[in-house]
Amino acid sequence: MKVLKKEKLFANSSYKKLFISSTAASFGDLFDMFAVMTLFTYVWHANSLWITLIPVAYALPSILLSQAAGNLADRYDKVQLMFLSELVRLLFTCLLFFTNEPLLALGVLMLRSMSSVMKVPAQLSYVREVVKEDQLMQASTLQNIMFQVAKVVGPFLGAAALTITTPKACILVNAAACMISIGVLFSLKKAGKNIQGQAARSSHQAKETYSNGWKIVFQHSLLLRVVILFHLSYFVVMLVDAQISIFLRDVLPHHPEMLGWLLSGIGLGALATGVYLNRKKTGSPSI
């Protein structure tokens, strides 16, 4: 029964193309993150402060701009937003390849993260448009599983590649993944809905929606606590991952590939946890 459902979902060409695009982007991102950590730690010999700023550069734009990106996804064509996001991400990835200083690299990472923020809400919104209601959970689960798989395979392949090449060459793998994603998105049909009326909303309305969203968070204490706990736990995990690279540099200074093996192990743990929770979820009554 499950096999029939999967075939039915992937018979949807729009979702299939989106799935390929997001999978390529996920693998490229995690390959790239491993390369950046290796550059800072083993090539530039950056101190712990610089390495601590890496997760900040990745995560801070998402925290500050996610709601505004959600507004853009509601008002404009989703495929165009995803396409532009990937195109800008490709440009900054190429710029990162030519960067040779930690401070400059952090600036490029921050700008690239800002350009990538709009893709997630546009992608989620597009899935809701092209996938049937009874398949939304399956579509979301499949994409989440592939992201968790990328957490394992991306650093693993990065570590293997590092034995024969350089971290900057690994950044080029992310650029290639961007090009694959851009090519798939270019062929993706535009959403069937008429968005011209939505695009005509005023900037005042967008600002009002943005402020109302934060009011909802601050007015509900439980929601506020959940948001704070999520971001604190996320930063703690990212900071620990960043400092592990310093530890490995001190213990195994001539084996940068060990960082990839370790990150791959962390991803494997996350994947196992996700599979376990998904089984618990599917065991409960479906809505």
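This is a predicted model: local features need pLDDT of at least 70, side-chain atom pairs count only at pLDDT 80 or more; totals for chains, interfaces and linings use all residues.
Helices here are DSSP runs of H or I with at least four residues, numbered from the N terminus.

Helix α2 takes in residues 13-43, 31 residues in total. From first C-alpha to last it reaches 43 Å, close to the 45 Å expected at 1.5 Å a residue. Most of α2 is covered, with 23 of its 31 residues buried. At its start, Asn12 puts a side-chain oxygen within 3.1 Å of the backbone nitrogen of Ser14. Past the other end comes His45, which follows α2 and has a positive phi, near 50 degrees.

Now for the rings. The structure holds four aromatic pairs. One of them joins Phe40 and Trp44, whose ring centres sit 5.2 Å apart; the planes meet at 70 degrees, so this pair is edge-to-face, the cut-off being over 60. Both partners are tucked away: Phe40 counts as buried at 1% relative accessibility, and Trp44 is buried too, at 19%, with the limit set at under 20%.

Another pair brings together Phe83 and Phe186, with 6.1 Å between ring centres and 45 degrees between planes, so it counts as tilted. Phe83 belongs to helix α4 (residues 78-97) and Phe186 to helix α8 (residues 167-187), so the pair ties together parts 103 residues apart in sequence. Phe83 is partly exposed at 22% relative accessibility, while Phe186 is exposed, with a relative accessible area of 66%.

A charge also meets a ring in this model: Lys168 lies over the face of Phe97, 5.9 Å from the ring centre.

Notes: Residues are numbered from 1 along each chain as its sequence is written. Side-chain values use heavy atoms; hydrogens and water are left out. Rings of Phe, Tyr and Trp (its six-membered ring) pair if their centres lie within 6.5 Å; planes under 30 degrees apart count as stacked, over 60 as edge-to-face and the rest as tilted. Buried means under 20% relative accessible area, exposed over 50%, partly exposed in between (1.4 Å probe, protein chains only). Helices (H or I, at least four residues) and strands (E, at least two) are DSSP runs, numbered from the N terminus. A charge sits over a ring if NZ of Lys or CZ of Arg is within 6 Å of the ring centre and within 35 degrees of the ring normal. The expected span of a helix is 1.5 Å times one less than its number of residues. A polar contact is a pair of N or O atoms within 3.5 Å; within protein, one must be able to donate a hydrogen and the other to accept it, and residues adjacent in sequence count only if both atoms are side-chain atoms.
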